[in-house]
Amino acid sequence: MQNKQIPFHRYIISLVCVAIISGGGVYIASHSGATLASNDEDELQKVHTLYHTLQEDYYQKVDKDTLIEGALKGMTEALNDPYTTYLGKEEAEQLSNSLSDSFEGIGATLTLVDNLPEVAQAPVKDSPAEKAGVKIHDKILKVDGNDTIGQTLTEVVQSIRGKKGTKVTLTIQREEKTFDVEITRGEIPIASLVAEMDNKQPIGNIQIASFNESTARELQEAIKKLRKEGAKSFVIDLRQNPGGYLSQVEAMASMFLEDGQTIVQFATDDQIVGASEASKDLDGGFKVTEPVAVLVDGGSASASEIFAAALKESAKAPVIGTKTFGKGTVQTVNGFGDQSELKMTVQKWLTPSGEWINETGLEPTIQVDFPEYAYLPPLPKNKSLKKGMTSEEVENLNTFLHVLNYQTTGDTFNEITEKAVKDVQKSNQLKETGEVDAETAVVIELKITDVLRKSDQMYDKAVDVLTKELAK
């Protein structure tokens, strides 16, 4: 049985959207800049002694910053809490970016193909990348003269990003041509949700990727827009949503609840210490009274689970999909003053009925799963699959090709597999080698993603439930 936390099509989406690194979780927005300090000098004497001893007596020169960073990380790791951690400058910046409603850069999404960063999709509309003529499938050979081959995708992304108004020069390979493009960085908005009308029913489909700084406002705007387009009910899709700001999920859940109904409770180890209730203060008086269904899966975590639990228990809305991730804690983020931060668990959160779902997850009211092939791992990108090979990777390839209506089966790359691969390559203007290299693998995976989107059983169930509700 495959790990059912990350469905394949969602994995592929996250794979090519790596320009934003997700922080996940539920966060209280407390980047106050307050400096953390210790008043317990005596209790830390052992730490000071070790620090000075290593500096003075270790046989090699010791970088003091490395020792301090290691000590800070060690203290948080000693708690054995994966959500409490010391964040260095770069990690803190990544977390901040993942929860922001914009970032400063060029507006291009990258993926790695044959160890080179490649533009994975058309640049953001009106972004610096689009204005500079960057196109999908452009390979980035250098950033400001520095070779990108051998770098991680994160390293390349960080080198391309920078402050608005500054310039970056990309050396681009497009088919047989290689040329430089100078781009002036700008502010790139990050949309945390996508909203569209169902193509058959008066149902608005809202896919929420995260709860960032502006998601509550985006949700209200999306609902208003969908209402004008004829929506009489809504599907809220929280699948693979890792969480975000507590303030945002409270405001959003409040829109679907009557004032006074419980959104979430908070607790320490032994007692409930507070609760959040729907109110005009949270939602500004904006309410959604139409029928609604919520979609979740094993990647729906933390703030997503708060939202789903609030609508399930307080609004009695159907929650459809698979059991959620199970993260029942709340974190704050505090700065040290040098751009590093401490992310620390400060509370448990409980559902409106008082259930703590940590490590167990929220059970949907209607269980609907993805097909088994959706949980298969991606095809390898660091080697080619070719005729004569027998392996689990080839078996996965044959399964994917079978889903695409080719008569492939088993764990051997045979003549039928080769013919199917050549057909895929031909129909996508790729060189017809009959071997699955990184580029061919990405094409096959994107086709599988498209099949899954078109045969989304969870969404179809939500449409069925809402259609019956509207017919009453």
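Is glutamine 425 buried or exposed? The close-up views below take up this residue and several other places in a predicted model.

**View 1. Glutamine 425 sits in helix α12, which covers residues 415-427.** Its relative accessibility is 0%, so glutamine 425 counts as buried. Look around it for the residues it touches: beyond its neighbours within four places in sequence, glutamine 425 is in contact with Leu430, Lys431, Glu432, Thr433, Gly434, Glu435 and Thr440.

**View 2. Helix α12 meets helix α11, residues 392-403.** The two axes come within 11 Å and cross at roughly 60 degrees, which makes α11 oblique to α12. The crossing of α11 past α12 is left-handed. On the α11 side, the meeting residues are Leu397, Asn398 and Leu401, and from α12 come Thr417, Ala420, Val421 and Val424. Sorted by class, the residues of this contact are 5 nonpolar, 2 polar and no charged.

**View 3. Helices α8 and α10 pack with their axes 10 Å apart.** The angle here is about 20 degrees, and that makes α8 roughly parallel to α10. This crossing is right-handed. Helix α8 brings Leu246, Val249, Met252, Ala253 and Phe256 to the contact, while α10 brings Ala303, Ile306, Phe307, Ala310 and Leu311. The contact of α8 with α10 has 10 nonpolar residues, with no polar and no charged ones.

**View 4. The largest nonpolar core holds 44 residues.** Which of its members touch the most others? They are Ile206, Leu219, Phe234, Ile236, Phe256, Phe307 and Leu311. Two or more residues come from each of the strands β12 (203-208), β13 (233-237), β15 (262-267) and β17 (292-296), and also from each of the helices α7 (215-228), α8 (246-256) and α10 (303-313). Apart from this core lies another one, of 36 residues, including Leu376, Leu379, Leu452 and Ala462. As a general background, nonpolar side chains tend to be buried together in soluble globular proteins.

**View 5. Phenylalanine 234 is one of the core members that touch the most others.** What does phenylalanine 234 contact, leaving aside its neighbours within four places in sequence? The list runs through Ile203, Gly204, Ile206, Ile223, Leu226, Arg227, Val288, Glu290, Pro291, Val292, Ala293 and Leu466.

**View 6. Aspartate 144 and glutamine 339 each have a positive phi without being glycine.** Most residues other than glycine have a negative phi. For aspartate 144 the phi angle is near 50 degrees, and this residue lies in the loop between β6 (139-143) and β7 (146-147). With a relative accessible area of 42%, aspartate 144 is partly exposed. For glutamine 339 the phi is about 80 degrees, and its place is the loop between β19 (329-335) and β20 (341-350). Glutamine 339 has 53% relative accessibility, so this residue counts as exposed.

**View 7. Glycine 162 lies in the loop between α6 (153-160) and β8 (167-174).** Its relative accessibility is 22%, so glycine 162 counts as partly exposed. Follow the chain to threonine 184, which is 22 residues apart from glycine 162: the C-alpha atoms of the two are separated by 9.6 Å. Leaving aside its neighbours within four places in sequence, glycine 162 is in contact with Glu104, Gly105 and Arg185.

Notes: Residues numbered from 1 in each chain as written. Predicted model: local features only at pLDDT ≥ 70, side-chain atom pairs only at ≥ 80, totals over all residues. Heavy atoms only, no water. Core = buried A, V, L, I, M, F, W, Y, C linked by side-chain atoms within 4.5 Å. Buried < 20%, exposed > 50% of the residue type's maximum accessible area, 1.4 Å probe, protein only. Helix = DSSP H or I, 4+ residues; strand = E, 2+ residues; numbered from the N terminus. Contact = heavy atoms within 4.5 Å. Axes fitted to C-alpha atoms, helices over the stretch in contact; angles between N-to-C directions. Parallel < 35°, antiparallel > 145°, perpendicular 65-115°, else oblique. Left-handed = near helix turned anticlockwise from the far one by under 90°. Nonpolar A, V, L, I, M, F, W, Y, C, P; charged D, E, K, R; others polar.
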